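I am opening a notebook on a structure that is new to me. Below I put the sequence and the model, and after them my entries in the order in which I looked things up.

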Amino acid sequence: MIRIYTALQRYDAYLVADRLNQAGIKSHVFNQHASSIVGDVPPDVGQPQVWIERECDLERAQIVLRDIASAGSAKADVLCGRCGEPSPANFDLCWNCGAQL
Ligand SMILES: [Zn+2]
């Protein structure tokens with residue numbers, strides 16, 4: 001077993017594990033209920049972690065992780081310069097105040 005990813009949020013860990021399993025890479029989420037102890041232990045011990053079963057999947061797993069990261073940043077919200085509300089990246093105008101994004 002190899003730890004491939006440490007998530008900040010539980011849903012984030014499950015997203016990664018789902019994608020890995022879809023890609024045929026057997027993976028597991030650990031520490032999913034441990035976030036309440038963050039603060040008492042070093043953060044990476046208390047955070048949800050994604051582990052893969054087989055070392056030979058490591059390279060492919062890293063590619064899947066990279067794909068998830070780039071898809072996430074492509075969809076990142078744009079913050080309005082006028083009112084500060086986040087709008088989807090494909091919006092030209094702020095949904096809230098109509099300012100050019
Ligand atoms: Zn705005």
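**Strand pairing.** I began with the sheet and found that strand β1 (residues 2–6) and strand β3 (residues 49–52) pair in the antiparallel sense over four bridges, where strands are DSSP runs of E of at least two residues, numbered from the N terminus, and two strands pair if DSSP finds at least two bridges between them. In this pairing T6 stands opposite Q49 in β3. I then looked up strand β2 (residues 27–30), which also pairs with β3 in the antiparallel sense over four bridges, and I noted I52 in β3 as the bridge partner of S27.

**What I am reading.** This is a predicted model, in which local features need pLDDT of at least 70 and side-chain atom pairs count only at pLDDT 80 or more, while totals for chains, interfaces and linings use all residues. Residues are numbered from 1 along each chain as its sequence is written, and side-chain values use heavy atoms, with hydrogens and water left out.

**The order of elements.** I noted three helices and five strands, helices being DSSP runs of H or I of at least four residues. From the N terminus on, the elements run β-α-β-α-β-α-β-β.

**The zinc ion.** Which protein atoms are the donors of the zinc ion? I found C80 (SG), C83 (SG), C94 (SG) and C97 (SG), lying 2.3 Å from the ion; donors are N, O and S atoms within 2.8 Å of the metal (3.2 Å for Na, K and Ca), and water is not among the atoms, so sites may look incomplete. Along the chain these donors follow the spacing C-x2-C-x10-C-x2-C. C83 in the loop between β4 (78–79) and β5 and C94 in the segment after β5 are 11 residues apart, a pair that links distant parts of the chain. The four donor atoms subtend angles of 106 to 117° around the zinc ion, so I recorded the arrangement as tetrahedral, a word used for four donors if all angles lie between 85 and 135 degrees.

**Last entry.** I looked up F91, placed in the segment after β5 (86–87), and noted that F91 is partly exposed, with a relative accessible area of 37%.

Methods:
Buried means under 20% relative accessible area, exposed over 50%, partly exposed in between (1.4 Å probe, protein chains only). Four donors count as tetrahedral if all angles lie between 85 and 135 degrees; four count as square planar and six as octahedral if opposite donors are over 155 degrees apart and all others between 65 and 115; anything else is irregular.
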